[in-house]
Structure formats: structure tokens, C-alpha cells
Amino acid sequence: MDIDFHQLRENAGAAAPVLISHIDPDGERDRLVEEVRELCRCFVNIAAATLLLEGRPQPFFLNLCRAAENWRRLLLHLERRNLPPPPASWGLVPLSGVVAAGQWELASQVVERMTKSWQKDTGEYAAEFAWASALAGLVLHATRGEDPTPRLQERKRPIQPR
């Protein structure tokens, strides 16, 4: 299977402004979360395609940071509306991207607002939650010197293979 990275970048670039124009911050929570997730995917696709096509790291890192900034804004907005945050693992790609970009302050701002609880009822996999929690703990350790142990031990029982 061949991937047309030019088309991928073009489609993601065209979708991003449309998504932004349709996001209703006062709308229903689940729809808002899904729209911001899709916007973050667009920025990550733009980042990856640009790096692969042009080999330039600056637009790659810029678009990874755009994804993380939009995820951070979503988490902050939900917090201000007293709405629950989405599952931690849903923010793993934006968080991983901003860590790869070396933007530690933004990474720590994303982590501060991520949920610390596994949201099994949303379909979040325990292993994905564990990865998000581990990365969050390591980000806070790197940026603030916080002990990552509580986040690394969030899951008290071992994860069973399926």
C-alpha cells in the first residue's frame, strides 16, 4: 500500500480550518472533544507528511505543538465548564508530539489537566492509560522534579493480556 503524503497533507490542511470554524466551545462536550481530537489528528498528519516530504524539522515540530496547544485548550475549557476531561490516552499523541518537540512547559500544562483516573467506561484501554500516565509522570519529573511514582503506579493490578 502506497501512501500519498502530498494528498494526506493537503487533505489535513484543508480540513483544519473547516474543523476550527465548526467547533462550538459552548456545545455538547462529547462533540467538542471529538472535533478537537480530529483537529489534533490534522496537525499531526500535516507534521508527519511535511517532515517526510520536505525533511524540514521546523514545520514538523510547529504542527506537533499546534496539536498539543489545542488539546491543552480543550482540557482547560472543559475544566472551566466543570466538565470531565476525556480519557488520558486520548491526549497521548498531542502529548508525545510536544515532548518530541522539546516544548516542556507546554507538555507540563497538558499533563496538569489530564485525568489521573482510568476511564474504563469510555472504552479506554488499560495499557493506553498506563502509557499516558507514565509519560505524564515523566514529564512532571523532568519539568518540576515531581516524583513520577504515583502516576506510574496508578494501576494497582497488572494489565492482563487479551
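Me: Leaving aside the neighbours within four places in sequence, which residues is Ser89 in contact with?
Reply: Contact means heavy atoms within 4.5 Å. Once its neighbours within four places in sequence are set aside, Ser89 is in contact with Glu124, Glu128, Phe129 and Ala132. This is a predicted model, in which local features need pLDDT of at least 70 and side-chain atom pairs count only at pLDDT 80 or more, while totals for chains, interfaces and linings use all residues. Residues are numbered from 1 along each chain as its sequence is written, and side-chain values use heavy atoms, with hydrogens and water left out.

Me: Where does Ser89 lie, and does it count as buried or exposed?
Reply: Helices are DSSP runs (H or I, at least four residues), numbered from the N terminus, and Ser89 lies in the loop between helix H3 and helix H4 (92-100). Buried means under 20% relative accessible area, exposed over 50% and partly exposed in between, with a 1.4 Å probe and protein chains only. Ser89 counts as buried because its relative accessibility is 10%.

Me: Which loop holds Gln119, and what does Gln119 touch?
Reply: Gln119 lies in the loop between helix H5 (104-113) and helix H6 (126-144), and it is buried, with a relative accessible area of 15%. Not counting residues up to four places away in sequence, Gln119 touches Pro85, Pro86, Pro87 and Glu124. The C-alpha atoms of Gln119 and Ala88 are separated by 8.1 Å, although these residues are 31 places apart along the chain.

Me: What span should the residues of helix H1 have?
Reply: The expected span of a helix is 1.5 Å times one less than its number of residues. The 18 residues of H1 (residues 5-22) should therefore span 26 Å, and the end C-alpha atoms are 26 Å apart, which agrees. At the N-terminal end Asp4 caps H1, with a side-chain oxygen 3.2 Å from the backbone nitrogen of His6.

Me: Which residues of H1 are buried?
Reply: An α-helix has 3.6 residues a turn, so residues three or four places apart point the same way. In H1, Ala12, Ala16 and Leu19 are buried, and the buried residues of H1 pack against helix H2 (29-54). Glu10, also found in H1, is exposed, with a relative accessible area of 52%, and its C-alpha atom is separated by 8.0 Å from that of Ile46, 36 residues apart along the chain.

Me: What do the buried residues of H5 pack against, and what covers the buried residues of H4?
Reply: In H5 the buried residues are Leu106, Ala107, Ser108, Val110 and Val111, and they pack against H3, H4, H6 and helix H7 (149-152). In H4 the buried residues are Leu92, Pro94, Leu95, Gly97, Val98 and Val99, and what covers them includes H2, H3, H5 and H6.

Me: Which residues line the second largest pocket?
Reply: Rolling a probe the size of a water molecule over the atoms shows where empty space is left. On a 1 Å grid over the protein atoms alone, a pocket is an open set of points where a 1.4 Å probe fits, with protein on both sides within 12 Å along at least five of seven lines, and lining residues have an atom within 4 Å of a point. The second largest pocket is lined by Ile20, Ile23, Pro25, Leu32, Val36, Leu39, Asn70, Arg73, Leu74 and His77. H2 and helix H3 (57-80) are the elements that give two or more residues to this lining, and H3 gives the most, with four residues.

Note on methods:
A polar contact is a pair of N or O atoms within 3.5 Å; within protein, one must be able to donate a hydrogen and the other to accept it, and residues adjacent in sequence count only if both atoms are side-chain atoms.
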